[in-house]
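User: I would like to go through the terms used for this model and check each against its cut-off.

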Amino acid sequence: MPALVLMLCVSALLATFFIPHAWLSEFSERTALFAFAGLGNWVMQQNDDAYFAPRAEFNPYTHTWSLGVEEQFYLVAPLMIYLWLLARRATHASRLHEWFLALFFLLCAASFVGCLYATDKHPTAAFYFFGFRFWELGLGALLHLATVGRTPFASPVIRVLRRVSPSLGALLIGLACVLATAKHFPWPWVLSAVLGSLLLIGGARADIDVPVRRLLATRPFLWVGKRSYSLYLWHWPVYVLLRWTVGLHTLPLQIAA
């Protein structure tokens, strides 16, 4: 939150100097105001423009939609995990925690079905609405809860799958990056990215001695990973402010950005 607030304050100040106050900028200002409370996605999902619309490229705060989804998830998921922990520690209800896992899974399934429906019928809501994005983060939480404290299966087939799955996960993420289109997003291409992430992470007892995970644990990747949140916060306002001023239409300007 402190880093987000700093970015919003600096971006708002620069936007005041360099972005003319007009109909186009009023929506941006409203997005910024709600983004301070982690609700930027609420504003954008009520707008007719989808994420890939041209006007979104001139809003310095468009990228706060995903931060809003995450912050809203962090209000819901900890409660579910807390109840799961209580049930897991209760000696008189040793299997109650599995019911909480099942409930968590049902919430993810409902969110997934909603995403399928909304991608075609309500594409703006499908992209921005927390309810249609819950399943993506929820499956990551479920992966941890389902694997923590459990001894992995030791059969030869399972061992081979566990070693192959990270490479398959990286491939699925790569396919989502290369082949995803605005018309078919979030569904189906977000599924490729989510499944790829799950396979790459592998759960609480993942085997880290596999090539892909070893590569991602090297110093250059760790350096980028530790700064990825800051890079995400600042990259978009830089691009948008350049679009409003000198432009972002040439290769030198893009490299400078």
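Analyst: A cavity is a set of grid points where a 1.4 Å probe fits but cannot get out. The model is predicted, and its largest cavity has a volume of about 80 Å³.

User: How many cavities of 30 Å³ or more are counted?

Analyst: The count is one cavity at that threshold.

User: What makes a residue part of the lining of the largest cavity, and which residues are they?

Analyst: A lining residue has an atom within 4 Å of a point. Those of the largest cavity are F27, M44, N47, D49, A50, R55, A56, N59, T62 and Y128. By class they are five nonpolar, three polar and two charged residues. D49 and R55 are the charged ones, because Asp and Arg count as charged.

User: What is the volume of the largest pocket, and what makes it a pocket and not a cavity?

Analyst: Its volume is about 870 Å³. The term pocket applies because the set of points is open, whereas a probe in a cavity cannot get out. The lining has 29 residues, with R133, E136, F185, V190 and A193 nearest the centre. Elements giving two or more residues to this lining are α4, α7, α8 (156-179), α9 and α11 (219-244). Helix α9 gives the most, with seven residues. By class, the lining has 20 nonpolar, six polar and three charged residues.

User: Why is I201 called exposed?

Analyst: The relative accessible area of I201 is 53%, and exposed means over 50%, so I201 is classed as exposed. I201 is found in helix α9.

User: How do you know what I201 is in contact with?

Analyst: Contact means heavy atoms within 4.5 Å. Leaving aside neighbours within four places in sequence, L143, A206 and R213 are in contact with I201.

User: What makes a group of residues a nonpolar core, and which members of the largest one touch the most others?

Analyst: The members must be buried, and joined through side-chain atoms within 4.5 Å. The largest core has 27 residues, and W65, F73, F104, C108, F134 and W135 touch the most other members. Helix α7 gives the most to this core, with seven residues.

User: Which residues does F73 touch beyond four places in sequence?

Analyst: F73 touches P78, F130, F134, L137, G138 and A141. A second, separate core has eleven residues, including L8, I19, A35 and L67.

Methods
Residues numbered from 1 in each chain as written. Predicted model: local features only at pLDDT ≥ 70, side-chain atom pairs only at ≥ 80, totals over all residues. Heavy atoms only, no water. 1 Å grid on protein atoms, 1.4 Å probe; cavity = no way out; pocket = protein on both sides within 12 Å on 5 of 7 lines; lining within 4 Å. Points joined across faces, edges and corners; volume = space filled by probe spheres on them. Buried < 20%, exposed > 50% of the residue type's maximum accessible area, 1.4 Å probe, protein only. Helix = DSSP H or I, 4+ residues; strand = E, 2+ residues; numbered from the N terminus.
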